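Please follow the account below with the sequence and the model side by side, moving from the arrangement of the domains to the surroundings of the ligand.

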Amino acid sequence: MTNNQKLLTSLPAVDEILKSGQGTAWQQSFPRHHVLRAIRDVIERYRRSILGDELQDFSQDVLFADIQTQIARLSEFSLKPVINATGVVMHTNLGRSVLSEEILERVKNVACNYCNLEYDTEQGVRGKRYSHIQKLLRELTGAEAGLVVNNNAAAVLVCLSALAKGKEVIVSRGELVEIGGSFRIPDVMSSSGAILKEVGTTNKTHFDDYERAINENTALLMKVHQSNFKMTGFTQSVRVEELVVLGKKHTIPVMFDLGSGCLVDLKSLKIQYEPAVQDIVQAGTDIITFSGDKLLGGPQGGMIVGNSQLIDLIAKNPLMRAVRIDKLTLAALEAVLTLYQDEVNVRTHIPTLSMLFQDIEKIKERAETIALQLKSDPELSQKDAVMADVIKDVSQSGGGALPGVEFQTFAVALKPINISVNLLEERIRRGNPPVIARIKEDALLIDARTVRDKEIRMLVNAVTAALV
Ligand SMILES: *Cc1c(COP(=O)(O)O)cnc(C)c1O
């Protein structure tokens, strides 16, 4: 017998592994079909390696460890936590806003029990799901009425459909924005059945441009927050206050797609041009829409606030059923909005806000902790595997909000000695949990702004595992 033949016959049979002590233990902790699949996968892999002369010997222990790893991989969920080391707080691809445990308690309580989602327990009759946050929206924004739907894109769509189907909506050419994915104002407009009436130029739109475009078929004057870009230089736009004056004169409602929708005053943080929702309401805007998971820091959702007659019209639109919010989201949203009632503590209780506006010294400390733990890891220091220096950098808010605002930050710049930066990036990204970081010049940057203290140990382990 050749060595290969000997090796092949020494591979245990699937049944034999299943019946072994280890096999029985696996079947108690994992679904049987995963265990079976994993054993077959690993044995097949070994068989091919032996036939290809790539495996000269193997031990039972290593074989079993490989099966164990494969079972774990098969049993993993597809949607799972990652460590966000990009510094981008509202990273749309990484789930935008993070919710706190406090919020999750509320969700759990509602999700694991029957609830009064659409039932009025006072009257014993059918209720409305929006009713649970209407009072909060009124109190927090100052608007007469409020609604909530699946996301802000849906909010814009349903408002346009309810208020302007078959009619014209006047928008400045400087505000015909695209917000990642497939949300583009002209496309949403046509999907809703409204007719887009563009006015002005890319860089300048005047009051008169709007006024000249008004005719008997005009349903709305619309403003759109530029969200993810900023225009500088020879520019002009019409303030919402002025549009309100124009709207009043011609009895045409004004709608503002605010995008992010911030409920805290950012002026104290020297962020001048992100208006608070309250200010836009105060200006007399008839309908305002904004996201739940951008600067608000809540779950995905789309708020619609404004004039109560218009809100009633929107609530009756048939699209509302297609874009309605689910009960888990609603529970989270009510909890988040409740936190906003406490103006003093809101910035520390909502992770999005606390990450964006955290003290720069705290970020520096965290970066130093990460660097120190990496440097003092015995495995890494022995092998002289990486340089880890704390550097100053800037992070972005992400989520199509606060463009041009630079958030000072600190990052750990990793320069591996024995492998390329690209390979290090790939390894930690494919690890468990995945770590998402960005490459800048010849280093992999771990931005400490978005790494939470409880993640530091896991992060350090992930980098160590990728290097040794
Ligand atoms: C982000 C954004 C949207 C889309 O909001 P979602 O909640 O992601 O659907 C729409 N309009 C503007 C101006 C935005 O910034």
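Eleven residues of domain 2 are in contact with 15 residues of domain 3, where contact means heavy atoms within 4.5 Å. In this predicted model, local features need pLDDT of at least 70 and side-chain atom pairs count only at pLDDT 80 or more, whereas totals for chains, interfaces and linings use all residues. Residues are numbered from 1 along each chain as its sequence is written, and side-chain values use heavy atoms, with hydrogens and water left out.

The domain assignment divides the chain into domain 1 (3-75), domain 2 (83-92 + 357-467) and domain 3 (101-349), such bounds coming from an automatic or database assignment. Taken over C-alpha atoms, the centres of domain 2 and domain 3 are separated by 35 Å.

Between domain 2 and domain 3 about 1000 Å² is buried, with carbon and sulfur atoms giving 73% of that area; buried area is the accessible area (1.4 Å probe) that two parts lose on being put together, summed over both. On the side of domain 2, the residues that lose the most area to domain 3 are Phe-357, Leu-402 and Pro-403, which together give 52% of what that side buries. By class, the side of domain 2 that touches domain 3 has seven nonpolar, three polar and one charged residues, where Ala, Val, Leu, Ile, Met, Phe, Trp, Tyr, Cys and Pro count as nonpolar, Asp, Glu, Lys and Arg as charged, and the others, Gly among them, as polar.

Turning to the ligand, a polar side-chain atom of Ser-227 lies 2.5 Å from one of its oxygen atoms, and a polar side-chain atom of Lys-294 lies 2.8 Å from an oxygen atom of the ligand.

Key: Polar contact = N/O pair within 3.5 Å; in protein donor to acceptor, adjacent residues only side chain to side chain.
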